[in-house]
Amino acid sequence: MSEIQGGCLCGAVRYESADTAITSVVCHCSQCQKQSGSAFSINLVVPAAGFRVIASALATYHDVGDSGLAVLRHFCTRCGSPVYSELDANPGVVAVKAGTLDDPSRVHPQLHMWRDSAQPWVEIADDAVCFPRNAVA
Ligand SMILES: [Zn+2]
Ligand SMILES: [Zn+2]
């Protein structure tokens with residue numbers, strides 16, 4: 001059984017990753033704030049090749065990142081949960097929304113991106129790895 005598995009709030013979208021996560025990233029960008037309805041998104045980055053989705057209700061919002069490249073934000077059409085994203089800037093991986101994991105407590109964020117647009121009340125550890133905008137140049 002894969003250690004990375006999860007799904008949306010209603011269960012219509014389920015996923016698993018055959019691989020362990022490459023990294024975990026907290027994104028404070030304004031789009032992630034909008035989409036999550038929260039202050040940031042927490043993304044578990046896993047190889048695309050081993051990522052499998054079983055979904056009866058999945059749709060995609062075609063967003064555009066700061067790079068001008070597409071960000072495909074996949075969400076459940078039944079309960080609205082954002083589940084994972086694909087980034088044209090980084091096609092080898094998918095970014096799984098960590099709050100949808102069956103066991104989110106295992107995630108330890110390794111870096112923060114879009115620190116410049118983080119909400120002022122969000123506390124980020126002094127020793128955390130932060131990027132003011134995108135983590136990739
Ligand atoms: Zn759902
Ligand atoms: Zn973001």
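This text walks through the predicted model, from the overall fold to single residues.

Two conventions come first. Residues are numbered from 1 along each chain as its sequence is written, while chains are lettered from A and ligands numbered from 1 in the order in which they are written. Local features need pLDDT of at least 70, side-chain atom pairs count only at pLDDT 80 or more, totals for chains, interfaces and linings use all residues, and side-chain values use heavy atoms, without hydrogens and water.

Start with the whole chain. One helix and 11 strands make up its elements. Helices (H or I, at least four residues) and strands (E, at least two) are DSSP runs, numbered from the N terminus. The order from the N terminus is β-β-β-α-β-β-β-β-β-β-β-β. The C-alpha trace spans about 40 × 30 × 30 Å along its principal axes. The radius of gyration is 14 Å, which agrees with the value near 14 Å for a compact globule of 137 residues. That radius is taken over C-alpha atoms, and the globule rule is 2.2 Å times the number of residues to the power 0.38.

Of the 137 residues, 40% count as buried. Buried means under 20% relative accessible area, exposed over 50%, partly exposed in between (1.4 Å probe, protein chains only). Among contacts (heavy atoms within 4.5 Å) with a separation of 6 or more, 51% join residues 24 or more positions apart.

Now the sheet. Eight strands form an open sheet with mixed pairing, in the order E6-E7-E8-E9-E4-E3-E10-E11. E6 and E11 stand at the edges with a single partner strand each, so one side of each has no neighbour in the sheet. Two strands pair if DSSP finds at least two bridges between them.

Strand E6 (residues 58-64) pairs with strand E7 (residues 70-76) in the antiparallel sense, over seven bridges. Val 64 lies opposite Ala 70 in E7. The hairpin has five residues between the strands, and Gly 68 takes a positive phi near 90 degrees there.

His 112 has Cys 130 in E11 as its bridge partner. The loop between strand E10 (111-113) and strand E11 (129-130) holds Trp 114. Trp 114 is not a glycine, yet has a positive phi of about 60 degrees. Is Trp 114 buried or exposed? Trp 114 counts as buried because its relative accessibility is 13%.
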